[in-house]
Amino acid sequence: MTELKEPAAVDFDKLMAFVFRCVDEVGASLTTAQVVMGDRLGYYRAMADGSTTPSKLAQDTGTAERYAREWLNAQAAGGFVSYDAQDGSYLLPPEQAMAMTDESSPAYLPGFFQLALGSLAATEKIIDAARTGDGYGWDEHNHDVHEGCERFFRPGYNANLLTEWLPALDGVVAKLEAGGRVADIGCGFGSSTIIMAGAFPASRFTGSDYHADSIAAAREAARAAGIDDRVSFEQAAAAAYSGSGFDLVTTFDALHDMGDPVGTARHVRESLADDGTWMVVEPMAGDRVEDNLNPVGRTYYGFSTLLCTPSSLSQEVGLALGAQAGPARIRDVVTTAGFTRFDTVAQTPFNLVYEIRP
């Protein structure tokens, strides 16, 4: 007979503290949808120039006042906007205005929330996949995931790629200025490819991604930027993109999503010129779980559960590195594929940048 254990004593104060923490968590979850709502309806942009009221905000955005009022109150309760009880007005502080309306700012955040909202939409599918061990492909997620991902990462690439990351690589900028060949694998909507192509007109760039809609968006973005004469995009798996003799291969926030990152690394090695470089940008992560128990790690583990791990498991091999793989696991992937040089050359609060060479 199994001996029954006495239930653990419950500290009521700790219990209630946890309950109210969960209230805050639910409020934060609902804020995700409210931020997307404010972005799409133009509420934040309308508030960027000064204080407002529900009636003024509704008028300025062509929306219903009752929704504007409730949205403003929710945003005020969450600290996104400030409320003046004396005159009933609401203000978007300049810091929040930059984060919510300035697409040129590295702190621009609406895409972050859009990506989160799109990820949550697949919750039932991920629950089913967790029961069976099956995957759920990137291509199966809705448009908010694909567009939100691009809008989230693009500001960081704009802020760091040309000024910090590429200059950190040994001799790469000089090659690109002289006219090099670059392959950007897992390029998504092509933001990283287009940023590089815009800065180095003498070089030629090829972006690849297995998601057809992303490639279509990338081609349109290149045309809009006026650089489609030196940029091309192809739909291809990471281990099957075309071309060889590349001076630089890049992978931005995508290696951990791949089903067979070792196979991809082998293909990269084969496609590089003898003195070529592979730059891999991955989410900020430490090698131990305890290194990642912080706000950034929490967010990336969340995305990894709903997006990254299911995506890898949906592909052949399904190694499922996860978004918090850390430098040691990435090093193991590339050295297994035959690379001999692996260095961390740059970092931001959200990314680590690796220089990898044959």
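The following legends describe close-up views of a predicted model.

**View 1. The open sheet of seven strands.** The strands of this sheet follow the order E5-E4-E3-E6-E7-E9-E8, and their pairing is mixed. Strand E5 (231-235) and strand E8 (341-347) form the edges, each pairing on one side only. On average, neighbouring strands of the sheet are turned by 20 degrees against each other, direction ignored. Helix H11 (residues 212-225) packs on the sheet, where it touches strand E4 (204-209) and E5. The direction of H11 makes about 170 degrees with that of E5.

**View 2. The pairing of strands E7 and E9.** Strand E7 (residues 272-283) and strand E9 (residues 351-357) run antiparallel and are joined by six bridges. Within this pairing, Trp278 stands opposite Ile356 in E9.

**View 3. The largest nonpolar core and the surroundings of Leu248.** This core has 39 residues, and those with the most contacts inside it are Trp165, Leu166, Leu248 and Met279. Helix H8 (residues 143-165) gives the most to the core, contributing seven residues. Leaving aside residues up to four places away in sequence, Leu248 touches Leu166, Leu169, Val172, Leu176, Arg181, Val182, Ala183, Met196, Leu272, Thr277 and Met279. A second, separate core comprises 27 residues, including Ala183, Phe246, Val268 and Leu321.

**View 4. The crossing of helices H1 and H4.** The axes of helix H1 (residues 12-41) and helix H4 (residues 65-77) come within 11 Å and cross at roughly 130 degrees. At the contact, Thr31, Gln34, Met37 and Gly38 of H1 meet Tyr67, Trp71, Ala74 and Gln75 of H4.

**View 5. The covered helix H10.** Helix H10 (residues 191-199) is mostly covered, with seven of its nine residues buried. The buried residues in H10 are Ser191, Ser192, Thr193, Ile194, Ile195, Met196 and Ala197. Among the elements that cover them are the helices H8 and H11, together with strand E3 (181-185), E4, E5 and strand E6 (246-252).

Technical notes. Residues are numbered from 1 along each chain as its sequence is written. This is a predicted model: local features need pLDDT of at least 70, side-chain atom pairs count only at pLDDT 80 or more; totals for chains, interfaces and linings use all residues. Side-chain values use heavy atoms; hydrogens and water are left out. Two strands pair if DSSP finds at least two bridges between them. Helices (H or I, at least four residues) and strands (E, at least two) are DSSP runs, numbered from the N terminus. Axes are lines fitted to C-alpha atoms, for helices over the stretch in contact, and angles run from 0 to 180 degrees between N-to-C directions. Contact means heavy atoms within 4.5 Å. A nonpolar core is a set of buried Ala, Val, Leu, Ile, Met, Phe, Trp, Tyr and Cys residues joined through side-chain atoms within 4.5 Å. Buried means under 20% relative accessible area, exposed over 50%, partly exposed in between (1.4 Å probe, protein chains only).
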